[in-house]
Structures are given as structure tokens and as C-alpha cells.
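Take the chains in turn and keep the account plain.

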Amino acid sequence: MIAAAPGVAVGPELRARLADLYCAYDDALNDGALERWPALFTEACVYKVIPRENFEQGYPVALIYCESRTMLMDRVVALRETALFAPRIARRISSGVCLRAIEPDGLRLTASFAVFQTMQDQPSELFLCGRCQDRVVEDGGTLRFAERLCIYDSTIVPTSLVYPI
Amino acid sequence: MSAQPAASPREWPDDGPSRVPNWVYTDPQIFARELDRVFGANDWLYVCLEAEIPKPGDFKRGQLGNREVIAVRGTDGAVNVLVNRCAHRSMQVCTASRGSAKEFVCPYHQWTYDLAGNLLGVPFRRGYRGQGGMPDYFRPEEHGLQRLAVTHRHGVVFASFGAPNESLETYLGERMLGYFDRVFDGRELEVLGYMRQRIPSNWKLMFENIKDPYHASLLHVFLVTFGLFRLDQQSAVEMDDTGRHAVLVSRRGAQETNEATAQMRAFKRDFALRDPRLLDPVREFPGDATVVMQTLWPNLIVQQQSNTLAMRQIVPRDARSFDLAWTFFGYVDDTPEMRQRRLRQANLMGPAGLVSLDDSEAMLLSQAGIDNNDDEACVVEMGGRAVVNERHMVTETAIRGFYQHYRSVMEL
């Protein structure tokens, strides 16, 4: 379900295409199909995972800071081939996706997210929650993220952020 | 602080600092003694950067050891470090994580303190219509916020719960001071932001990790493959005279197969970044070294890996858990390109860092192996049993140095 802010005119077709994009994003991560994840972004995309305190104070440092689709691919390869980490399952749930504005450089959307984490032999726990600020564009007939900021609410990350959110 | 047992609660194994008994990572009594003797005594603890609180009234909350403090710049421009605890009923007087204040007012009964922690006012101190109030002998000057000894050098603030009998410069020692001044050379610093993670392991494992150059060549594919830190490179491990502080120093090498990289499973000759902007380091400090990781007893790691600079503050929580608080910074006179380079290279560091992710996960797995094996000990014998400075990386000498000092402080 994609909502629209008051005064933002959006037809059923665009709503459906946006819903498909948001669903495909969560699916790629929840299926453990990281290789599908970069394709949901444009070539010159910006993707950041940033604590709310940095975002609100204008500090630029982000936990993950990617400035192109190939940087996203590099991170996927690094996770697959180089990183050491304890086995875990991450589950991302998006909610309250809202089209805020339609601007010349793309569609502005926000959404809440929650990521649950299940470590081996442990109960599932809430890992991070927060909101996304997105810019979505038409890219060769497909809707893609030109910008996705994942702003998480807590200051603390439990141990490590392994998979993108 | 809880009362400490007079006698040593445990016996250290015979082999001196080349063995670290597992109970130092698990025993709550040992942890309580650490809060007292390591974090609560006369040592200088890292607090914050001056750039975080540039103007009078600016404050930042934080933790020293496991106690809440407020670092605040006073009206005279000096930084005060105050325990965040009202002298009346122990409520936290400051709830904002940062901001600007003219005074601190406890929300409970509005006891009011100035920026140096002096008690300014107590509502109804004289009672109401001749009834109640504080006794005549109540002296406000005896009921200020606890104020710590504070010192600073080149924009970095340190404080102590005790009464340090040495200056910060003497405390660091000449050799460590030289490395400290290499990054903090007096230029004005710019804060780039924070990262923070809670790691389910004993806090000492974090120090050991940054005092152990041996693991870096085996665990970290990123460091090894791109030659950021690898044991075939010209390197050094140096300590101060006590062994409590240390640096790992190295310089960048090539992505090439040689006698050393052939032994490293982590070395991937063909691994290349599709977007090389992530790793585009430029030399910015005098001398050959491209990485200097400095561990300063008892709560700070100064990270200079290529162009990513950060203070990593250790906040112990209990025997099996600590928080690692990262403050990334650059210099006010950085070019936009250098600033961008620092932000890109931050991808290697922090809770999601392509390098340091390996470390937080390794600490989690170390603690899991340590737990419930208190009779066992870790072997720290790479490079022998001595505590000496070395010009190579195949050594655990700085971990031995740390425990040599730790044992004397802890009387273990």
C-alpha cells in the first residue's frame, strides 16, 4: 500500500509500480538475495545508513555510504567473499510508505522500517528501526531508487550491521 | 563503587603475561575492581573533542568508565567534566545528549547548578512562612555536582575521577606523545559524526584487538588485499615505558603475491573494487607511516587508517559487554575532496565497516568461546614472552605489555 500526502495527485498505476518496488526491495534482503539489491538503484545512486543523531545535527558520517550502484555491488561482494561474521537472519519490514511530493528530479517518498535479527540459537530481536527518505526515478522504463537514506532511531547498533537495510 | 575484597580474588597462571586467564573476561568481581582501579583512579580518561562543544554553555553527555558525565564549556571558556548526578537525590540533572545551557536544573526538585557544577539554588531552602526548609548548617558549597580533574591537549579533552599526579604529557610518555601529536598537531578539528555499537564481549578484547597486528594479516581481507595493513610491510609495535599505551605503525604495500601474502588466505590477488573511489588514500601526515593505531589506557583508541580518523572510546558495561563510541573527525582546513575521501573511507570502519565488522564479530565469537571456560587461559606468545618494542608485526608484545600493566594496577 502506497499512501500519498495531501495534495499529491497519483494514479493507481504509479501507486502499484511503487508498491512493487518497495516490495522487491524488502524481498531481495529477506530472501538473502543480496545480488538483486543493487539492481533496484540507479547507476549514480546514493545509499546511506545513518544514525538519527548524525542526520539531525547535519553530521555527514554514515555507517554505509555508497555513491554509485557499483559501490553497492562492491559491498555485496565484500560481504560474500571477505567479511567474517556470525550467522544471522535479518528481516526487513516496511510500513507507512508515503509519496510526499512529485518533483522534477523524482518522486519523494518516506517509509518506516523495522529490521529484526535472528542469531543462531537465539530468539528473534528487534535490531534497528527508523525511517527511509527516498527519491525514486524512472530509469529506462523501470522505477529505481536514486537516493535512499536509512535513518535509524537508536544511537546504538547491536554488535554489527552486516547486511544492508 | 562497591567495596573491594582486600585479597586478590584469583591466581594468575604461572607463565606471566604470555597467558591471560579466561576469568579476566568473565568475573563480575574482577570487573568491579576494574571500575575502581582502572577507570576510577588517577588515570586520564578520554572525554571528547573540544570541537564538539566549541562555545560557552555547549555541553555533551557521555560515559567515563560506566558513569554518566557531562562535558560542558564554562563561561570562562574552560571545559568542565561533571558527574550527571544531582547532589540531592541522585537524579540525572541533564537528559539531553547535547545542547547549550546556562545552568543545569534538576527536574525533580529544581536544585540548580552553574556550568562548573556549583550549587546555586535550592527551592524553599529557608522553608515557607518560617516552617521547614534546609537546616541552617546546610552549606551549598558542599553539595555541588562531582567535578573531575580535566586536562586537554590540541583539542582533545581528558578527565580523571582521581587526583592525577602526572600531567597528560608525562602520562602518555614522550614516544606516545609524538604519535598523538602527529594527528593532533594543533590544527582545528571538524567533527564528521558518530557511530556507536554495543559489543557482547569484555572491553579488554577491544584493546587486545588493536594491540595485535598478527590478526590483521589473517582476518581482514580488505586490509591484506589492498595492502593497508599487512605483516610484510615495514611496521612497528611500540609502547610507553609501562606497557599501558601502544601504537601499531605501518605503511601501505602493493597488491602482490610474495612470500608473506602466499601464507595469507585472506590475500585475494584478483579481488578488485568496481568503484575504486572507496579506496583512494592520499598521504597527509609527515613520514612514511600510512596507518597508526594508538591504544591509550584505559579507554581510547586513536585511529588513523589512511585518511579515516576517529576516536574510539571504550565504555565498559559489565564483564561481558561494552559500548564502542566512534567520533569521526577531520580538520577544518580539509579540502572538499579530502572531506569526501574521509567519508568514503569510513565505509571500512564502524559497526558496518568492511574491516572493523570482522573485529566486532570476532569479539562476539571470542567471548562465546571464553564463557564457561574460566579454568583455561589464552596464549599470547607470538614473538616470545618479553614485553619489548618490535620492528615487525609477527608479535603479541603489546598485549603482553597491556597485561603487565593491568596486573600491577589490579594486583593480580
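**The sheet of chain A**

In chain A, 7 strands make up an open sheet with mixed pairing, and their order is β1-β4-β5-β6-β7-β2-β3. The edges are taken by β1 (3-4) and β3 (64-66) of chain A; each has a single partner strand, so one side of each has no neighbour in the sheet. The model described here is predicted.

Pairing in a sheet goes through hydrogen bonds of the backbone, and it can be parallel or antiparallel. In chain A, strand β4 (residues 88-103) and strand β5 (residues 106-119) run antiparallel and are joined by 13 bridges. One residue pair shows where the two strands meet: Cys98(A) has Thr110(A), in β5(A), as its bridge partner.

Helices lie against this sheet. Helix α1 (residues 12-30) of chain A lies across β4, β5, β6 (125-139) and β7 (142-152) of chain A, and the helix runs at about 160° to β4(A). Helix α3 (residues 69-81) of chain A also packs on the sheet, where it touches β2 (41-51) and β3 of chain A. The direction of helix α3 of chain A makes about 60° with that of β2(A).

**Chain B as a whole**

Chain B contains 8 helices and 19 strands. Its C-alpha trace spans about 90 × 55 × 35 Å along the principal axes. How does the radius of gyration of chain B agree with that of a compact globule? A compact globule of 412 residues would have a value near 22 Å, and chain B, with 23 Å, agrees with this.

Two further values describe the inside of the chain. Of the 412 residues in chain B, 47% are buried. Among contacts in chain B with a separation of 6 or more, 65% are between residues 24 or more positions apart.

**The two domains of chain B**

Chain B is divided into domain 1, covering 45-151, and domain 2, covering 174-410. The centres of these two domains of chain B, taken over C-alpha atoms, are separated by 36 Å. Where the domains touch, 8 residues of domain 1 of chain B are in contact with 15 residues of domain 2 of chain B. On the domain 1 side, strand β2 (residues 45-49) of chain B gives the largest share, with 3 residues. By class, this side of domain 1 of chain B has 4 nonpolar, 3 polar and 1 charged residues.

Key
Residues numbered from 1 in each chain as written. Chains lettered and ligands numbered in written order. Predicted model: local features only at pLDDT ≥ 70, side-chain atom pairs only at ≥ 80, totals over all residues. Domains from an automatic or database assignment. Contact = placed C-beta atoms within 7 Å. Helix = DSSP H or I, 4+ residues; strand = E, 2+ residues; numbered from the N terminus. Nonpolar A, V, L, I, M, F, W, Y, C, P; charged D, E, K, R; others polar. Pairing = 2+ DSSP bridges. Axes fitted to C-alpha atoms, helices over the stretch in contact; angles between N-to-C directions. Rg over C-alpha atoms; globule rule 2.2 N^0.38 Å. Buried ≥ 20, exposed ≤ 12 C-beta atoms within 10 Å, placed from the backbone.
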